[in-house]
Amino acid sequence: MGFSKGHLVFLTVWLLSSKIKGTRGIQLGPISLCSPCPGIRVTEVDWQLLSNGMAHHTQEYPGSELVVRRGQRFTFTLELNRPLESEETLIFTVETGPQASEALHTKAVFQTSELERGDTWMAVKEAQTENTTTFSLASPPNAIIGRYQLSARVSSRRKHSDRKLGEFILLFNPWCPEDDVFLDSEEERQEYVLNDSGIIFRGVEKRIRAQGWNFGQFEEDILKICLSILDRTPSYQDDPATDVSHRHDPIYITRAVSAMVNSNNDRGVVQGQWQGKYGGGTSPLHWRGSVAILHKWFKGRFKPVRYGQCWVFAGVLCTVLRCLGIATRVVSNFNSAHDTDRNLSVDKYVDSFGRTLEDLTEDSMWNFHVWNESWFARQDLGPSYNGWQVLDATPQEESEGVFRCGPASVTAIREGDVHLAHDGPFVFAEVNADYITWLWNEDESRERVYSDTKKIGRCISTKAVGSDSRVDITSLYKYPEGSRKERQVYSNAMKKLFSVEASGRRARVRRGGGRGLWRDDLLEPATKPSITGKFKVLEPPVLGHDLKLALCLTSLTSRAQRVQVNLSGATILYTRRPVAEILHESHTVKLGPEEEKKIPIAISYSQYKEDLTEDKKILLAAMCLVTKGEKLLVEKDITLEDFITVKVLGPAVVGVEVAVEVMVLNPLSERVKDCMLMVEGSGLLQGQLSMDVPSLEPQEKASVQFKITPFKSGPRQLQVDFVSPHFPDIKGFVIVHVATAK
């Protein structure tokens, strides 16, 4: 039987093997044809993993799966048993998610064309030599991200089913100007998308410490785990087809992931714990990166990993979003407010010794809090609010019934536009709330106490682009503290939150225990006392040593004064929650005209050693009661210092062993044993390395050496933890610049 030349066949592909032969791609087995005309058969698919990976900045993802970015062409080659005829046209189909449909934009059908259109899927036949044909496919810059199935058939008057060519993963594209996540700086893209390690800043405002963190977005299985996080959301479980259809939108994706990184409303990744007790899990301070956490969650069949605190949630969220292609960074806010009642103030109740009354105080001010910023356009708000968006996976308050926060435009926060989506009031308060202290008397009356009301939102920090230094980005969040513009923004934000009726009645904010604060109360300042005070550290506060400080009081008047000073001190968590009292004493001080006096304070190691938490923090407070009823509260947060150094002993080259030296110090005045070093580093070590440290005499320094063999080039972060049952972990890290082998 003969057939006319115009009788076309369709392409049939049986994917019998996923073995990649070099860069040649997928080797295909025998094919049965479904047409009586001369058969066309695909013998091999070459996904061009290397060239596509380089062009799409995805070459670091491991494995044999094609990973590309939306809004950009990728190429692949089909090897056929015979050349395509000039009139034969391939029709491609891409599908993602269950019940894929063109109506939901989860499916697209398109044929090869010479016309380029940026708003739809497109295929172009790039070259044909004998039996080999190269095609390029491009997705629109707003395509849904995720795992796709690619099928094809040859056009024919008869209708035939598509045959699968294979799968690929499509990510957001910060290199594409038409993508909502576009970031117009190659240096920033390298830092915020491709850098697989970073620095998280912790400590206190006056003593900021850098902690290394392994994001590890290119480690084995991490991309698969990040995609599975999207498939574990309650929205996907309820209606998977609709949920997938929203995955083109970075607002939707980031909000969903913000909720999934914590476990409060779902079987999310990390379970929070702030009580200082970590039985049945891992202390938040023991984590050195996101990889172990994500692997544990995935291998444990999505059981939440115990335990995390704010920097852990931020580290994991940064990993997931960078992995999906959204530029993301970690941000630390020192003296961070947690405003529970949306009145833009942190109201702290204390007793006559300056000790926080926890049963009365619902708001709090953490020594530091860590969240994320991601860069994308806000199509819902308008171009004025494009750029950095705050996201916070730490479960503090519910947002639309779910523990999540953001995205909140940083620009909106700076301008006081707290009415805009999402969670503006909470983020605004974190960086700009007024800090108000109330003395709670035994008769249940209260008095405003003079204190630093402008201490919220200090030294907002992130890692610098291309270096390990700290960048202060406070000016992105608010105008200079106390300036006319800052006060105007604060006032406007208050007006947007509080409705004052035409009759003049004032909005009231209810508190627990039946108390209430009038808005006018919040704006009335405390009487400024006629003295000033501050704590001064006389010797560096070192872990394992006695603390020596002084309270310096200065009279501001030309008359003599008597001051009653009530001192208290407590070990605390980084949330400033007290753990145990370690100081409680009173002094009476006589101040002459404009005189300064110092009250010495000594706290021995034995006083705090049993109650010191892993945060290594102590809070001192002095309630100063001046004649004529004036009251001044002076506070000091102290983080105890430790010692560790990490040094690479020689040049680091891919595939070449190199020695590392770690210097540690026993900070205690007693002999310690059973210590260990825990080591981790993406591109430097496969997994984690642990080794014993010999017993150390009091104050003894020791050198520990080990060897690593780097397997990835470029700047790599090596993290080392000095772990002991006798004192909190001591953390160090070093950046290793790895050269390629010659």
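Predicted model: local features only at pLDDT ≥ 70, side-chain atom pairs only at ≥ 80, totals over all residues.
Residues are numbered from 1 along each chain as its sequence is written, and side-chain values use heavy atoms, with hydrogens and water left out.

Okay, the overall picture. We've got 14 helices and 42 strands; those are DSSP runs numbered from the N terminus, H or I of at least four residues for helices, E of at least two for strands. The C-alpha trace spans about 120 × 75 × 40 Å along its principal axes. Of the 742 residues, 56% are buried, meaning under 20% relative accessible area with a 1.4 Å probe, protein chains only. Now take contacts, that is, heavy atoms within 4.5 Å: among those with a separation of 6 or more, 68% are between residues 24 or more positions apart.

Charges next. There are 90 positive and 94 negative side chains, with the centres of the two sets 0 Å apart. Lys and Arg count as positive, Asp and Glu as negative, and His and the chain ends aren't counted; each charge is placed at NZ of Lys, CZ of Arg, CG of Asp or CD of Glu.

Back to my opening question. The UniProt record, an unreviewed entry, lists residues 302-395 as "domain: Transglutaminase-like", and such annotations may be inferred rather than shown by experiment. That stretch is 16% helix and 41% strand, and its end C-alpha atoms sit 18 Å apart. Look at β17, residues 364-376: twelve of its 13 residues are buried. Strand β15, residues 328-338, runs antiparallel to β17, joined by ten bridges. And there's our answer: S336 is the residue opposite W366. β17 also runs antiparallel to β18, residues 387-391, through five bridges, and there S374 has Q389 in β18 as its bridge partner.

Last stop, further along the chain. Five strands make an open sheet with mixed pairing, in the order β36-β42-β41-β38-β39; pairing takes at least two DSSP bridges between two strands. The edges are β36 (652-653) and β39 (688-693), each pairing on one side only. β36 pairs with β42, residues 730-739, in the parallel sense over two bridges, and V653 has A739 in β42 as its bridge partner.

Terms used: Buried < 20%, exposed > 50% of the residue type's maximum accessible area, 1.4 Å probe, protein only.
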